[in-house]
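Welcome, and please open your viewer. We will go from one selection to the next, starting with a pair of side chains.

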Amino acid sequence: MEENEYLKAWFKGFSNSLELISTAERQKIMCQCGKSWAEAEILSVYQQAYNASGGDLMKTIRLLQDAFSPNIIYEPVDESGIPEGKCFDVMYFCCVCDLVKARYVDSPFFCESTKQSLLFVWEELVGKGNVSVETKQTILNGSNSCIFRVTFR
């Protein structure tokens, strides 16, 4: 069996296993996956933007826009009861997951790792408990974009 076929088969089994466990257990697994990916790929970009902005969220968001555009967009959200500049939709217009691009996975359960990576990087910057992330829609759930809502306390 070629390596590519082996990985497709292995990830199919892993995806099927994710369907058999509880949401809480899946979140624990995807949290570790998202954290590992964030540490390897994006944490340093977020840290540089945050440090260059002096900790100003709006300036940080603008710097991240410059770094990731056009594939990832941060859009301010006017959410009732949340102060201006404290809620953003992070929009991905194409899936950035290498496992999806390589066609190893197609389960929406893997989108939890993106949610968890966003939570991890922002908590690294603004402190644990000071941010929440909500999945609004994903490409793997049939939408034409992924949207994750990031809210700061």
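Select E134 and K136 to begin: they form a salt bridge, with the closest N and O atoms 3.6 Å apart. Here a salt bridge is a side-chain nitrogen of Lys or Arg within 4 Å of a carboxyl oxygen of Asp or Glu. E134 is partly exposed at 40% relative accessible area, and K136 is partly exposed at 41% (buried is under 20%, exposed over 50%, partly exposed in between, with a 1.4 Å probe and protein chains only).

A word on what you are viewing: this is a predicted model, where local features need pLDDT of at least 70 and side-chain atom pairs count only at pLDDT 80 or more, while totals for chains, interfaces and linings use all residues. Residues are numbered from 1 along each chain as its sequence is written, and side-chain values use heavy atoms, leaving out hydrogens and water.

Next, select R149 and D89, whose side chains meet in a salt bridge at 2.7 Å, N to O. This pair links distant parts of the chain, 60 residues apart: R149 lies in strand 4 (residues 146–152) and D89 in strand 2 (residues 87–92). Strands are DSSP runs of E, at least two residues, and helices are runs of H or I, at least four, numbered from the N terminus. R149 is buried at 13%, and D89 is buried at 12%.

Now move to helix 5 (residues 98–101), where K101 and D98 sit 3 residues apart, about one helical turn. Their side chains meet in a salt bridge at 3.8 Å, N to O. K101 is exposed at 53%, as is D98 at 54%.

Finally, zoom out: the protein has 6 helices and 4 strands, running α-α-α-α-β-β-α-α-β-β from the N terminus.
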